[in-house]
Amino acid sequence: MHLPDGIVPVEMALAGYACTAGLVAVALHRIKARPDPQAEIPRVAMLTTVFFAASLVAVPVPPTTVHLMLAGLMGVMLGWFAVPAIMVGLFLQAMLFGHGGLTTLGLNGMILCLPALLAFGLWRQIGGRWPDLAAFGAGAGAVVVAVAIFATIVLTGLPAELDARAERAAVQVFALAHLPLALAEGVIVLVLLRVLRRIEPRLLPHG
Amino acid sequence: MTSHTRLAALAICAAGCFTPLVALSHAALIEAETAQAVRLHAFYDTGEPMSHAQVIIYAPDNPVSAWGQGVTDRDGRLEFVLGPETGRWSFQVRQSGHGAMVHVEVGDDAPVVTATSSAQSWGQRLVMVALVGWGALGTALFALARRKGRDASA
């Protein structure tokens, strides 16, 4: 779920860059305020690779195909670090695979960073008390929020010459096709955190 | 038979005789000319066709306003005839926020097609993932080594 170049108006692409720049600045400020930010770098580096490679995992959901996003996993595991990690992953995906455009990098950053931060917030609020519920909710909820942001951007930036009704119908089909992915990502985060709780609790955000 | 009846019968016969001649006077005319056509094939990088995707066409003299529109068929294909303008025609195929743009040079010579992006093989993609993974592993090990060094010196 990446916006390619030329799909949205230039103004929207610039606004996306501005919003993402603000988000990255806030994230870096929060990271800098931590007692030992460098201690997180190995985990961030490895999860950035997982996020980068996940876009290649295509899951056929007729009549379309979806791919893993892992925004919820990034948010739960990395917290504020998820923002720079996702941006690096998106940049590499755009450069190496052509997934998403460079002009739309800011918007794609918003589409995935905001759900990641929401997942982080959910985990922080209820992860200590109900870890399974929080993990599943973070994974599944991040996909739903990302699809909602994506659909809003696409439908807001429709060019006048396009058949808006046909595009709206296509976006609806696309959004429905992501519901199984939301469940799958919820289960992925749930299982991963359960495994970490059992074998290496120190890797957990609440470990 | 009265004179009126004869006249009416004569008129009907005349109409019957001339009607085929009138119909035959609608001659068929054909004008034939050659034109440059473009055949698009749009598909996702998974190989799936972009079925019923919308196509927006931009002429060389006006790359901002659409020159024409179309919709791909079930296989993601669309064929249409271009206008007389020479230069770089642009075609955008899009569906549910996904899409791509292709440019076609049309001139006096045969048109030259330039693709948007070359499709990568799975081998190439796996090499890229391995390279990025290697970079991340290196970063992780570097950070861990620095941390251990700091802990040891402390």
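Me: What share of the 207 residues of chain A counts as buried?

Reply: This is a predicted model. A residue counts as buried when its relative accessible area is under 20%. In chain A, 52% of the 207 residues are in that group.

Me: And what share of the 154 residues of chain B counts as buried?

Reply: For chain B the figure is 27% of its 154 residues.

Me: How do I read the fold of chain A; how many helices and strands are there?

Reply: Count the elements, then follow their order. Chain A has eight helices and two strands. Starting at the N terminus, the order is α-α-β-β-α-α-α-α-α-α. The radius of gyration of chain A is 17 Å, close to the 17 Å given by the globule rule for 207 residues, so chain A is as compact as a globular protein of that length. Along the principal axes, its C-alpha atoms fill a box of roughly 55 × 35 × 30 Å.

Me: Which elements does chain B have, and in what order from the N terminus do they run?

Reply: Chain B has two helices and seven strands. The order is α-β-β-β-β-β-β-β-α, read from the N terminus.

Me: What part of the contacts in chain A joins residues at least 24 apart?

Reply: Take the contacts between residues at least 6 apart in sequence. In chain A, 78% of these join residues at least 24 apart. In chain B, the corresponding figure is 46%.

Me: How is the accessible surface of chain A made up?

Reply: Look at the total and at the part that belongs to carbon and sulfur atoms. Chain A has an accessible surface of about 9200 Å², with 70% belonging to those atoms. Chain B exposes about 10800 Å², and carbon and sulfur supply 62% of that area.

Me: How far apart are the mean positions of the positive and negative charges of chain A?

Reply: Chain A carries 12 positive and 10 negative charges, and their mean positions lie 15 Å apart.

Me: Is helix α3 of chain A mostly covered or mostly open?

Reply: Helix α3 (residues 71-78) of chain A is mostly covered, with eight of its eight residues buried. Among them are Ala71(A), Leu73(A), Met74(A) and Val76(A). The cover includes α2 (41-54), α4 (82-97), α5 (105-126), α6 (131-156) and α8 (179-199) of chain A. Just after α3(A) comes Gly79(A), with a positive phi of about 65 degrees.

Me: Why does Val55(B) count as buried?

Reply: Compare its relative accessibility with the cut-off of under 20%. Val55(B) is at 1%, so Val55(B) counts as buried.

Me: Where is Val55(B) found, and what is Val55(B) in contact with?

Reply: Val55(B) belongs to strand β2 (residues 54-58) of chain B. Apart from neighbours within four places in sequence, its contacts include Leu40(B), Gly68(B), Thr72(B), Leu78(B) and Val93(B). Gln69(B) is also in contact with Val55(B). These two residues are 14 apart along the chain, and their C-alpha atoms are separated by 5.5 Å.

Note on methods: Residues are numbered from 1 along each chain as its sequence is written. Chains are lettered from A and ligands numbered from 1 in the order in which they are written. This is a predicted model: local features need pLDDT of at least 70, side-chain atom pairs count only at pLDDT 80 or more; totals for chains, interfaces and linings use all residues. Side-chain values use heavy atoms; hydrogens and water are left out. Helices (H or I, at least four residues) and strands (E, at least two) are DSSP runs, numbered from the N terminus. The radius of gyration is taken over C-alpha atoms; the globule rule is 2.2 Å times the number of residues to the power 0.38. Buried means under 20% relative accessible area, exposed over 50%, partly exposed in between (1.4 Å probe, protein chains only). Contact means heavy atoms within 4.5 Å. Accessible areas come from the Shrake-Rupley method with a 1.4 Å probe; for residues, only the protein chains shown count as cover. Lys and Arg count as positive and Asp and Glu as negative; His and the chain ends are not counted. The place of a charge is taken as NZ of Lys, CZ of Arg, CG of Asp or CD of Glu.
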